[in-house]
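User: I would like to go through this structure residue by residue, with the cut-offs stated as we proceed.
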Amino acid sequence: MALHNRTAKGAEADLLRSPLPTPHWGSQGGSAFTVRAVATINAPPNAVLDSLLDTSNYSAWNNFVPKVDLTNPSDKRFGADVLFTEHVDMFGQGKPSGLVKMKLLMTTLKEKDEHNGSKSYEIVWLGKAYPDWALRSERVHAISCDKEGVTTYDVWETFSGPLALFVRLFVGNTLVKRFKQWNEELRDYTEARTHA
């Protein structure tokens with residue numbers, strides 16, 4: 001499956017009408033779709049993971065989701081079984097409007113030892129903003145390193161249920177742009193921190 005909307009820096013994104021299966025919901029049919037973005041990051045996988053899990057620094061790099069509220073306000077990092085709220089800026093300018101807040105549950109944080117001596121990670125966020133019968137969403141973050149030491153960050157979110165059609169029609173293309181932006185900003189922030 002080829003992704004389109006590629007930039008010179010190695011980030012790409014696309015809206016896939018044939019949805020990718022997710023760990024919790026599996027394969028979805030009907031009006032389901034997936035938004036997916038992939039980036040190559042010149043940093044070790046654990047540095048990418050650290051940038052992704054440290055919500056206290058989201059405003060420094062993330063103009064799509066510049067703020068995250070965790071269930072326990074003293075927490076600064078994600079963990080498994082943590083309920084949280086994303087403050088989303090659909091314009092990608094780093095200004096949470098207060099209008100778009102998405103509740104999610106981090107269900108999975110898996111670490112795997114790879115044959116090349118590196119680690120890979122899988123993080124899964126389950127959408128909790130709507131009843132499951134109306135809209136199901138699940139975002140998978142996969143961080144891996146190839147034998148040359150290049151880290152790939154692959155994130156996709158699959159939407160299904162009756163409201164998925166409206167999400168695709170009204171904000172599907174915007175989500176593609178914002179996912180690509182998220183990847184580019186995560187890459188730039190992580191590379192700057194790693195090589196400083």
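Analyst: This is a predicted model, in which local features need pLDDT of at least 70, side-chain atom pairs count only at pLDDT 80 or more, and totals for chains, interfaces and linings use all residues. Residues are numbered from 1 along each chain as its sequence is written, and side-chain values use heavy atoms, with hydrogens and water left out.

User: Is E185 buried or exposed, and which side chain of opposite charge is nearest?
Analyst: E185 lies in helix 3, helices being DSSP runs of H or I with at least four residues, strands runs of E with at least two, both numbered from the N terminus. Buried means under 20% relative accessible area, exposed over 50% and partly exposed in between, with a 1.4 Å probe and protein chains only. Lys and Arg count as positive and Asp and Glu as negative, while His and the chain ends are not counted. E185 is buried yet has no salt bridge (a side-chain nitrogen of Lys or Arg within 4 Å of a carboxyl oxygen of Asp or Glu), and the nearest side chain of opposite charge, 7.5 Å away, is R178.

User: Where is S27, and how many Å in space separate S27 and A11, C-alpha to C-alpha?
Analyst: S27 sits in the loop between strand 1 (11-16) and strand 2 (33-41), and S27 is exposed because its relative accessible area is 64%. S27 and A11 are 16 residues apart in sequence, and their C-alpha to C-alpha separation in space is 26 Å.

User: What is the relative accessible area of L163?
Analyst: L163 is found in the loop between strand 8 (151-160) and helix 3 (164-194). L163 is partly exposed because its relative accessible area is 31%.
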